[in-house]
Amino acid sequence: MSALTSAPRRAGSPSAGIRRGEAAAGWLFTAPVLIILGIFLLVPVLMALWVSFSDWTGRGSPFSSNVNFVGLDNYAAVTTGGGLAERDFGTALRNNAWYVLLVVPLQTALSLFLAVLVNRAVLRGRGFFRTAFYFPSVTSSVAITVLWLFLFSTSGAVNEVLSWLGVNGPNWFNDPSGVVHNLLGTVGVTTGPAALTGNTFLGVSWWDWLAGPSVAMSAFVLMAVFTTSGTFMLLFIAGLQNIGGDVMEAAMMDGANGWQRFWRVTLPQLKPVLFTVLTLGLIGTWQVFDQIYTGTQGGPGKTTLTPAYLSYSSAFLSQQWGQGAAIAFVLFVIIVALTILQRWVLRDRPVSRRRARQYEVRGTNGGAR
Amino acid sequence: MTATASPQTTVLAEQVVDGPRRAPRKHRMPAKTLRWQIALYALLCVLALIYIYPFLVQVATSFKTDASAAADPVSLVPQPFSVAAYERLFLNSDFPVWFANSAIVTVFVTIGRVFFASLAGYALARLRFRGRSVIFAALVAVMAVPAVVLLIPKFLVINQLGIYDSYAGMILPLLVDAAGVFIMKNFFESVPPSVEEQARVDGAGTFRVFWSVVLPMARPALITIVILSFQGSWNELSHFVIASQSPELTTLTKGVASLASGQLSQGSQFPIKLAAAAIMTIPVAVMFFIFQRRIMNASEGAVKE
């Protein structure tokens, strides 16, 4: 490769003529991608950044002379304003945080579980099971949401099945009550301590932050797990097939049972895949938009409002373009920050000194870092 | 990117794993093994039922009447059998227009993505030019930007360019997908360059080499891009929400979403909504079953970055 790179400099070499014009071709080949990404990604982000600092109301061009620079006003309105904008943003963050907290672990665990089940060498109908688990992933979020609205309607299939079990199903998509509050309610706790109800964060009291996802949001949680587990199952299957048989065999020779082999041998080797699945899950679950747009538009009681939908509705429906853009940028920062945090938590740690010493042959000075 | 583990290696590995474990048990404790096997299959069947049943209910309910859909939401046999939902959808609604719009957008976006992604992927993998690594770094950065964050920004530019509420505004921004470029680049890097080198020595120009030598070899990767683009643009909602507003430009996703929120029907007319959702699923389902093997393999390769 390096020989080829330096080739054009040597005028006499035969490859010089062949490689001439390669720079032009390179730029020409990448030009469509660069132009389209530039126009529809880079420029828009810069424009939106300006809008988030302006008082543009959606009429005319955001660059016309009657649009003013308002500094951080829009960001302040959604984070410290004390008004409806702040409360809505706080509520949206609360809803989405619970969603992420439930969906990411559930989808990761379920997809790993399915992958382990389906990856067995001797399994009849392996293709059938894989297809069944993967199919929900190819359908559109709109179609699945419509289906979910039906399944979880008051007289829907889910409540029907629950009634066979003697359970009186909730009014799913019309029930704004928080799941954690409901659980506390069953043991008689209906109002929180004053310390929690009296103090607020982003316009939402601490007691309401701890309400848990509403029953309506829980239905969306189940939907997310249902639709994404298949995709992640495929990733885990690929990872499982990469694990060498020799390590597993060695573990078996050492007398490890199936449970131990999974936790001590399989799982550590799946770490790269686990990392990918968690990253994709974390990024995806903070972008809940389609389901809310199609299904509930934020209701009931704003308990399915998400930052992504709030950003859209403030701009396109309430004409608060500056606030909508500000919410989008805050959401972007949240996603980037959480991804970095997750990478840091799951980083490859150097082996601890104590551990390393056990394996050392000579001296203790040369330990890991 | 390393190539996907070959089937032989996989099978061999599995034999190594399973050989010593299964062989002795067969003789020692067949009853226990059998019980485990039955439990495993029972579990898998219950899970598969949970995953498939919603779709069966969807299709069944679309043939029910409104009353029977509400009265008996679980059964798979429509009683009475009714095609009223489909009649209404095709004869008395904009549904055919939505379908046509989705088809138009999907075809253009897929063709554009395949062509542009392979061009750029080839350049980034094979051609040596100043600025290549910068372009690549920019692409990786672009992939990290969450799509939902771009809704307002994209609208601003589309509006400014005067292509709001037109096919151009719906198609152009979707034509390029950084992930597709990434996949093509990885693929071209895994192919030995000797064939192209030969064609170059024979005097073919860069585009000629790309078009008649490289692209035909890239069929597996191209199919992957086709699948991803088809699925992506057919299922896209948020971009169309912000790029158009007139009824003639409504796509399936947007139309069905408006159906769901009750803009066409009063009350909970589930049969018609579910019929619309079912028809909308057919093209991606067909695509999925045609390329099933490829899809499973594609994601196997994708994870090994």
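The model is predicted. In chain A, of the contacts between residues at least 6 apart in sequence, 66% join residues at least 24 apart. The chain contains 19 helices and two strands. Of its 369 residues, 40% are buried.

| Helix pair | Angle | Distance between axes |
|---|---|---|
| α6(A) (residues 126-138) and α12(A) (residues 215-242) | about 120° | 7 Å |
| α15(A) (residues 271-285) and α18(A) (residues 321-345) | about 160° | 10 Å |

In the pair with axes 7 Å apart, α6(A) and α12(A) pack at about 120°. That angle makes α6(A) oblique to α12(A). The crossing of α6(A) past α12(A) is left-handed. On the side of α6(A), the contact is formed by F133(A), Y134(A), F135(A), P136(A) and S137(A). The residues from α12(A) are F226(A), T227(A), T228(A), S229(A), G230(A), T231(A), M233(A) and L234(A). By class, the contact of α6(A) with α12(A) holds seven nonpolar and six polar residues, with no charged ones.

The helices α15(A) and α18(A) pack at about 160°. Angles over 145 degrees count as roughly antiparallel, and α15(A) and α18(A) are therefore roughly antiparallel to each other. Here α15(A) passes α18(A) in a right-handed crossing. From α15(A), the residues L278(A), T279(A), L282(A) and I283(A) take part, and they meet I335(A), L338(A), T339(A) and Q342(A) of α18(A). This contact of α15(A) with α18(A) consists of five nonpolar and three polar residues, and no charged residue belongs to it.

Another helix, α14(A), covers residues 258-269. From the first C-alpha to the last, the 12 residues of α14(A) reach 15 Å, close to the 16 Å expected at 1.5 Å a residue. How many of the 12 residues of α14(A) are buried? The number is zero, so α14(A) lies largely in the open.

Chain A also touches chain B. The contact takes 87 residues from chain A and 80 residues from chain B. On the side of chain A that touches chain B, helix α3(A) (residues 22-52) gives the most, with 21 residues. The residues on this side of chain A divide into 56 nonpolar, 25 polar and six charged.

Key: Residues are numbered from 1 along each chain as its sequence is written. Chains are lettered from A and ligands numbered from 1 in the order in which they are written. This is a predicted model: local features need pLDDT of at least 70, side-chain atom pairs count only at pLDDT 80 or more; totals for chains, interfaces and linings use all residues. Helices (H or I, at least four residues) and strands (E, at least two) are DSSP runs, numbered from the N terminus. A residue is buried if 20 or more other C-beta atoms lie within 10 Å of its own, exposed if 12 or fewer, and partly exposed in between; C-beta atoms are placed from the backbone. Two residues are in contact if their C-beta atoms, placed from the backbone, lie within 7 Å. Axes are lines fitted to C-alpha atoms, for helices over the stretch in contact, and angles run from 0 to 180 degrees between N-to-C directions. Angles under 35 degrees count as roughly parallel, over 145 as roughly antiparallel, 65 to 115 as roughly perpendicular and the rest as oblique. A crossing is left-handed if the near helix is turned anticlockwise from the far one by less than a right angle, and right-handed if clockwise. Ala, Val, Leu, Ile, Met, Phe, Trp, Tyr, Cys and Pro count as nonpolar, Asp, Glu, Lys and Arg as charged, and the others, Gly among them, as polar. The expected span of a helix is 1.5 Å times one less than its number of residues.
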